[in-house]
2 protein chains.
Amino acid sequence: MPPIARPGGPVVVTGGAGAIGTLLVEALVKRGNEVRIIDNLSSGRRAHLDRLGRPDGWKLVISDLRQDGPWTDEFRGAREVWHLAANPDIRRGTEDPRLDLEHGTIATFHVLEAMRRHDVPRVHFSSSSTVYGMPTIFPTPESYGPLLPESLYGASKLASEGLVSAYASCYGTTSYIFRFANVIGPLMTHGVLFDFFEKLARDPSRLEVLGDGRQAKSYLRTEDCVDAMLFASERTHDRVNFFNLGTGDRISVREIAEKVVRAHGGGARIEYTGGTRGWPGDIPQQDLAIDKISRLGWKARWNSAGAVDLSIEEMRQSISARTR
Amino acid sequence: MPPIARPGGPVVVTGGAGAIGTLLVEALVKRGNEVRIIDNLSSGRRAHLDRLGRPDGWKLVISDLRQDGPWTDEFRGAREVWHLAANPDIRRGTEDPRLDLEHGTIATFHVLEAMRRHDVPRVHFSSSSTVYGMPTIFPTPESYGPLLPESLYGASKLASEGLVSAYASCYGTTSYIFRFANVIGPLMTHGVLFDFFEKLARDPSRLEVLGDGRQAKSYLRTEDCVDAMLFASERTHDRVNFFNLGTGDRISVREIAEKVVRAHGGGARIEYTGGTRGWPGDIPQQDLAIDKISRLGWKARWNSAGAVDLSIEEMRQSISARTR
């Protein structure tokens, strides 16, 4: 396959050692791109990059985007940026409100400034369904408003969207904003499946589930997420291009809990803490309208149940490999 | 009139020495509130506060919100905050992209953190029509999306809205978000009238107008803006309350230029630089739907033309007083 953007110059991927970033880097390298990964390894892992093989066509720069610094040199001559770096754990942001401001909003600002300094013409930004807050329309389209996020994570995604949009207008950057559903897959270091398996490892007799279990969301496989971004990037060329990325269906936390318990041997009792929300800032109902990306011709390979099943099976295998 | 919020404790007004803030402080003091003004006097002026008379019931703390600091002590025991401080000049933000991030987004974060630390239960935030970017629906309702701001100023207002909304959800703050049309009135240190009079002072024979003059926007008088905020704050009590504030009509830049030239004696030739936008980040067409605040029973005293006429007359008189 040809390089996805105009020829010449490497591609910068921030957060490229993360669960989504690693698969994106893999796809970009396969397409013949030279990739520069910038990651502070706070949730990304160097070991994730093992799957890329020897560093022909890619390099990792361990650096933090909260401050301007030598990492911006990697933007020299770059043809485009994929800005995926962020705090990935929504709940941590409620405990430490500065986290998403710094690793989200301020990091995005520094990335956009580095692009402006080095005349990098295209940016892709990983936003989130959390910008919609508690929507009243399901499935929720990209044109939904008002955007009143419930979490500091969502606030920082909204802030970053605004920055990306303003830079497009003021400095001519071509921009892609992708609002992700819940993304699950291998290499995850947080999230609902990760939590459930951790809890069962501590106490195999019971699984505590935050909320009443009726929270229902779309779960998108990492591979589908990466595929959708590349698909849209190749096919739309407005000044600001923005898409929901999801599966078009959803699955409840209760169903996920039951699947995990079954995969774990079936002995655990599921205990719900009650209440409609899992935690302050949680969005109990999330269902993104995917008409816009679908009209481009893209389709997810896994629906929400399929994405959850595959991810549970991977997690079960990886735990059984570790404990063997 | 009774104090506007629950009794006990002073009211904090950031940016309280600015064009809007001063009138707000005046109204709050008149209603019997003790007011603590925090202003860095970057665009606010100490002289503005002369109209308040001797400091019974108010005090000014000269401080910058970009850093956490002793100014946060003023939040101790406060019953509510009006957060108006920001860079008021949209065009300056394009020249210096860090300006709106620091004086907008980061300042808002510090204000919300100070509120959290001191358990201040209510916040009012001055947002802007610029969060709508270039809307495709006129008049533009509060539920309009997507929110793709064109300026870094707009991006910082959107970022601050997101923070205000997330704090309401995570920490229980009651929040008011007001999206202002263009606000004009006395005490302004920037804006279209200010620019036009400055240009005519330099060269009375010609008035250069950025763009083609067909840009058309709502102009809301400062007094109406303050009145609408107090009106809404007294009457709505959702967790997050958000309102467009405008006049329900608009006026073109061409009409404003002709009014200014007439007020100036009529001799100047108007020259348009051309193009639909005045500058990068400019929103040529702005018309806010005001159904939501109207349904509460609020009505602007001046329409856009009336607001412009009164402000031109004030400016003309103040110039003639200075040059007499």
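Select Asp119(A) in this predicted model; Asp119(A) sits in the loop that runs between helix H3 (98–117) and E5 of chain A. Its backbone is worth a look: phi of Asp119(A) is near 55 degrees, a positive value in a residue other than glycine.

Next, go to Leu41(A), in the loop between strand E2 (35–39) and strand E3 (58–62) of chain A. Here too the residue is not a glycine and phi is positive, near 55 degrees. Leu41(A) has 15 other C-beta atoms within 10 Å and is partly exposed.

Stay in chain A and select Phe138(A) and Pro139(A). The peptide bond from Phe138(A) to Pro139(A) is cis, with omega near -15 degrees. Pro139(A) belongs to the loop between strand E5 (122–128) and H4 of chain A.

Now switch to chain B and select Gly145(B) with Pro146(B). The peptide bond joining Gly145(B) and Pro146(B) is cis, and omega is about 0 degrees. Pro146(B) is in the loop between strand E5 (122–128) and H4 of chain B.

Show H4 (residues 152–171) of chain A together with H4(B): the two pack at an angle of about 170 degrees, with their axes 8 Å apart. An angle over 145 degrees counts as roughly antiparallel, and H4(A) and H4(B) are therefore roughly antiparallel to each other.

On H4(A), they are Leu152(A), Gly154(A), Ala155(A), Leu158(A), Ala159(A), Gly162(A), Leu163(A), Ser165(A), Ala166(A) and Cys170(A). On H4(B), select Leu152(B), Gly154(B), Ala155(B), Leu158(B), Ala159(B), Gly162(B), Leu163(B), Ser165(B), Ala166(B) and Cys170(B). Coloured by residue class, the contact of H4(A) with H4(B) shows 14 nonpolar and 6 polar residues, and no charged ones.

Finally, zoom out to the whole contact between the chains, which takes 32 residues from chain A and 32 residues from chain B. On the side of chain B that touches chain A, the elements giving two or more residues are helix H3 (98–117), helix H4 (152–171) and strand E11 (240–245) of chain B. H4(B) supplies the largest share of that side, 11 residues. By class, the side of chain B that touches chain A divides into 18 nonpolar, 11 polar and 3 charged residues.

Technical notes
Residues are numbered from 1 along each chain as its sequence is written. Chains are lettered from A and ligands numbered from 1 in the order in which they are written. This is a predicted model: local features need pLDDT of at least 70, side-chain atom pairs count only at pLDDT 80 or more; totals for chains, interfaces and linings use all residues. Two residues are in contact if their C-beta atoms, placed from the backbone, lie within 7 Å. Helices (H or I, at least four residues) and strands (E, at least two) are DSSP runs, numbered from the N terminus. Ala, Val, Leu, Ile, Met, Phe, Trp, Tyr, Cys and Pro count as nonpolar, Asp, Glu, Lys and Arg as charged, and the others, Gly among them, as polar. Axes are lines fitted to C-alpha atoms, for helices over the stretch in contact, and angles run from 0 to 180 degrees between N-to-C directions. Angles under 35 degrees count as roughly parallel, over 145 as roughly antiparallel, 65 to 115 as roughly perpendicular and the rest as oblique. A residue is buried if 20 or more other C-beta atoms lie within 10 Å of its own, exposed if 12 or fewer, and partly exposed in between; C-beta atoms are placed from the backbone.
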